[in-house]
Amino acid sequence: MYLITLDSETDFDGWRKTARALALHHVAPAEVTWSVQGRTKDKVPPGLCEAPGLPPIETDSTFSVPANFIELARVAILHHNSERFALLYRLLWRLRSHHNLLEIRTDPDVAIATAMAGSVHRDVQRMRDVIRFREIGREHKAHYAAWFVPEHHIIEFAAPFFARRYADMPWSILTPDICAHWDGHAISFTPGISQTEMPAPNRLEETWRRHFRSDQPIAPEAPKKRRRNLSEASILEPLLSDAERWTGGRITPPPEPTMKRKPADDLETLREEAAHCRACHLYKDATQTVFGEGPKSANIVLVGEQPGDKEDLAGHPFVGPAGQMLDRALEEAGVDRKKVYVTNAVKHFKFVPRGKVRLHQKPNTPEIRACRQWYERELAMIQPDLVVAMGATAAQSVFGKITPIGKNRGRLIDLPDGRKALVTVHPSYLLRLPDPEAKALEYQRFVEDLKIAAGLQKKAPRAA
């Protein structure tokens, strides 16, 4: 009998190296007990000691497994089930003689491993969706902290995503297992905070300062392990149920029929639906869906391109430099900003990282089409008299086709549904103009375009 002790709960490389050696020495899964350094002794069978090292492996001894097994194992090993190492070694052992085993989705081992990986992926996505940083300190001494309770061992796996997204700000993600920190150059990890110390929002700053102040040394002890590890027997039923949804296999009785989604009957419900939109890939890197805002009684809808960096972090449209310029232009044109509904053709921020900066990237046609459903549903709910398309992307969404700005600008255009449309430039275009004189002239043209909307707003019955 072999007792294998891995360095940590996420020691995939150690598991992979040891599992390969065990398989090459024909050590059956039943002869191996897996543990993790630091686990309490009561988790190790009594009388079992650490096995001596395996004999050297001959250089010509090797075997191969499907590449998708390595990817499956790399993710499934992050699951909190303490039997995951044994399960994955059992799969590895069986794959040597049954190379196509992973294609049999109804196989219990395959189903459980697949469900584990799926659960880990959902936990990572949940982390991306719910993490909200709180500012600690001000200006050059500012730091950002967030509290999160993961279901699985995902923090090290998920941290690089936040380093890419928030590259220009120092942050800490505090969890019961392990805490991740980004200083603008590298990610580091420290021990987790115990569940009893979970901070309420107003205690977050105090907790961060107590545990992670730069002038306090960090204890070198290993991260505290969660107490939620379950035996394979206790986790089998929910995992098999989860696996059926992922694999389509007949592992459990057929699920109950799914309910049809109730159509949204107000803007808040529609906003909640859009928050979970996965119609295109942009949600994967964006912080959140940035939905439209304004009164349902608005008779004017302003449509921009997409949220920018500031909007992506704040969760509100037109709060950055372009939004400030828009507010100024609306005021000069005589448009009551409080009576206007403002939205974007694309609801997620599309960007490319450049060091610590996220550079805006223009949405393409498939992304515009994927997001058009939300614009259409906003329009159907608000029923405005006028839609103002600001920029080429907005115009493409409003008209359903590529629409040049130059030859359509500054005049009312009839839409098929009886509404009027007005095409103009996006305020960010004005910010990009390098010549001050040209910028001033274009700004005045922008204000003149908005004056057309102002006239329509004053004439509308619901403007009173």
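Modeller: I take the second largest cavity first. It holds about 40 Å³ of space. A cavity here is a set of points, on a 1 Å grid over the protein atoms alone, where a 1.4 Å probe fits but cannot get out. Its volume is the space filled by probe spheres set on the points, which are joined across faces, edges and corners. This is a predicted model, in which local features need pLDDT of at least 70 and side-chain atom pairs count only at pLDDT 80 or more, while totals for chains, interfaces and linings use all residues. Residues are numbered from 1 along each chain as its sequence is written, and side-chain values use heavy atoms, with hydrogens and water left out.

The lining of the second largest cavity consists of Arg165, Tyr166, Asp168, Asp309, Leu313, Lys356, Val357 and Arg358. Lining residues have an atom within 4 Å of a point. Two elements give two or more residues to this lining: α9 (309-314) and β11 (357-360). Helices (H or I, at least four residues) and strands (E, at least two) are DSSP runs, numbered from the N terminus.

A search of the whole structure finds two cavities of 30 Å³ or more.

Now the salt bridges. The count comes to 21, with a side-chain nitrogen of Lys or Arg within 4 Å of a carboxyl oxygen of Asp or Glu. Arginine 94 and aspartate 109 form one, at 3.0 Å from N to O. This pair links distant parts of the chain: arginine 94 is in helix α3 (residues 84-95), aspartate 109 in helix α4 (residues 108-130), and they are 15 residues apart. Arginine 94 is partly exposed at 26% relative accessibility, whereas aspartate 109 is buried at 11%. Buried means under 20% relative accessible area, exposed over 50%, and partly exposed in between (1.4 Å probe, protein chains only). Arg90, Arg94, Asp107 and Asp109 are linked in a network of salt bridges.

Arginine 409 pairs with glutamate 442, their closest N and O atoms being 3.4 Å apart. Here the partners are 33 residues apart, with arginine 409 in the loop between α12 and β13 and glutamate 442 in helix α14 (residues 436-459). Arginine 409 is buried at 12%, and glutamate 442 is buried at 16%.

Helix α14 also holds glutamate 448 and lysine 451; because they are three residues apart, about one helical turn separates them. Their side chains meet in a salt bridge at 3.2 Å, N to O. Glutamate 448 is partly exposed at 41%, and lysine 451 is partly exposed at 38%.

Last, the loop residue. Threonine 403 sits in the loop between α12 (392-399) and β13 (412-414). It is buried, with a relative accessible area of 9%. Its side chain reaches the backbone oxygen of lysine 401 at 3.1 Å. Threonine 403 touches Ala395 and Asn408, not counting residues up to four places away in sequence; contact means heavy atoms within 4.5 Å.

Definitions and conventions. 1 Å grid on protein atoms, 1.4 Å probe; cavity = no way out; pocket = protein on both sides within 12 Å on 5 of 7 lines; lining within 4 Å. Polar contact = N/O pair within 3.5 Å; in protein donor to acceptor, adjacent residues only side chain to side chain.
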